Amino acid sequence: MSHAIFHFHDELNFFLPRRHKHGTIEHAFDWRASVKDMIESLGVPHAEVELIVVNGNAVDFSYVVLPDDQIDVYSQYDTVDMCDKIRLRPPLPAAPAFVLDQHLGRLAAYLRMMGFDTLYRNDYHDEELARISHDENRVLLTRDVGLLKRSLVIYGYYVRATHREQQLVEITRRFNLPAAAAPFKHCMKCNGLLDPVAKAAILDRLPDGTAQYYDEFHRCQSCQRIYWKGPHFQKMQQLVEQVLFDKP
Ligand SMILES: [Zn+2]
């Protein structure tokens, strides 16, 4: 039986069994396997791995693990300052697009509210989620580790927080979203794009009293839903600012 030592950095120990929460595992093996397969057999989905360093040298997912290898695994490309790093996937654009699993409907609305192109339906199957994420270069956000181990998934992240507003804070930090945020660009309901619309054109669709107090309106190009800066908007704006500027 051969051994390799794995050191999981950043927040990857989240996926390890309790007794390995410190992040180091001595892994026994007696068959040839890629570092990707071994990392996943220890519980960490490949989609969260950004950098792998074996005995001081960066490698890609296909590297075949050798006896006595010392393997450092990172979820952030920038954690280590070294030459000759190897990117495991192309970097994301500053404003990434997302696709979310069926447990994350509220988070989807929040991400749209911040201006990010976000697909969500409560009836997407795992296969569809993986396929959409792959074909459209969308970051798959999920609470299902197994989904992030599918080889189709290139960009993916397991949402740790369970409270919806904390989820938004977590994703904002992880993907450095503040710089690219463009609040109220996407419809919270359907992800369609919002356009300004004249009050006269939608007067008959406004609740009583609304026209009296507001003059600026936006309409979703897809589902025709109307948005204005009422109390609901102000509450949303407050939440976005809290997240963007990390206000308590
Ligand atoms: Zn819409």
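**Note on the predicted model: core, sheets and domains**

1. Strand 8 has a partner in strand 6, with parallel pairing over three bridges. Within that pair, Phe 98 stands opposite Val 139. Strand 8 also pairs with strand 9, residues 156–158, again in the parallel sense over three bridges. There, Thr 142 stands opposite Tyr 158. In general, the strands of a sheet pair through backbone hydrogen bonds, either parallel or antiparallel.

2. Which residues touch the most other members of the largest nonpolar core? They are Leu 100, Leu 107, Leu 140 and Leu 141, in a core of 30 residues. Several elements give two or more residues to this core: strand 6 (98–100), helix 2 (105–113), helix 3 (126–135), strand 8 (139–142), helix 4 (145–148), helix 5 (164–174) and helix 8 (231–244). Helix 2 provides the largest share, six residues.

3. Beyond residues up to four places away in sequence, Leu 140 touches Val 99, Leu 129, Ser 133, Leu 147, Val 153, Tyr 155 and Gly 156. Apart from the core described above lies another core, of 16 residues. Its members include Ala 4, Val 44, Ile 52 and Ile 71.

4. Helix 2 is mostly covered, with seven of its nine residues buried. The buried ones are Leu 107, Ala 108, Ala 109, Tyr 110, Leu 111, Arg 112 and Met 113. Note that Arg 112 is on that list. What covers the buried residues of helix 2? The cover includes strand 6, strand 7 (118–120), strand 8, helix 5 and helix 8. After helix 2 comes Gly 115, with a positive phi near 105 degrees.

5. Ala 130 lies in helix 3. Is Ala 130 buried or exposed? Ala 130 counts as buried because it has 23 C-beta neighbours inside 10 Å, and the cut-off for a buried residue is 20 or more. Setting aside neighbours within four places in sequence, Ala 130 is in contact with Leu 147, Arg 150, Leu 152 and Val 153. Cys 187 is 57 residues from Ala 130 in sequence, and the two C-alpha atoms are 24 Å apart in space.

6. Another open sheet has three strands in the order 10-11-12, with antiparallel pairing. Strand 10 (194–197) and strand 12 (226–228) are its edges, each pairing on one side only. Neighbouring strands of this sheet are turned by 35 degrees against each other on average, direction ignored. Strand 10 and strand 11 (residues 217–220) run antiparallel and are joined by four bridges. Asp 195 stands opposite Arg 219 in strand 11.

7. The domain assignment divides the protein chain into domain 1 (2–74) and domain 2 (98–188 + 231–244). How far apart do the C-alpha centres of the two domains lie? The distance is 27 Å. Across the boundary, seven residues of domain 1 are in contact with nine residues of domain 2. The side of domain 1 that touches domain 2 comprises four nonpolar, one polar and two charged residues.

8. Finally, the whole chain. Its secondary structure comes to eight helices and twelve strands. The C-alpha atoms fill a box of roughly 75 × 35 × 35 Å along the principal axes. Of the 248 residues, 28% count as buried. Among contacts between residues at least 6 apart in sequence, 57% join residues at least 24 apart.

Definitions and conventions. Residues numbered from 1 in each chain as written. Predicted model: local features only at pLDDT ≥ 70, side-chain atom pairs only at ≥ 80, totals over all residues. Core = buried A, V, L, I, M, F, W, Y, C linked by C-beta atoms within 7 Å. Buried ≥ 20, exposed ≤ 12 C-beta atoms within 10 Å, placed from the backbone. Contact = placed C-beta atoms within 7 Å. Pairing = 2+ DSSP bridges. Axes fitted to C-alpha atoms, helices over the stretch in contact; angles between N-to-C directions. Domains from an automatic or database assignment. Nonpolar A, V, L, I, M, F, W, Y, C, P; charged D, E, K, R; others polar.
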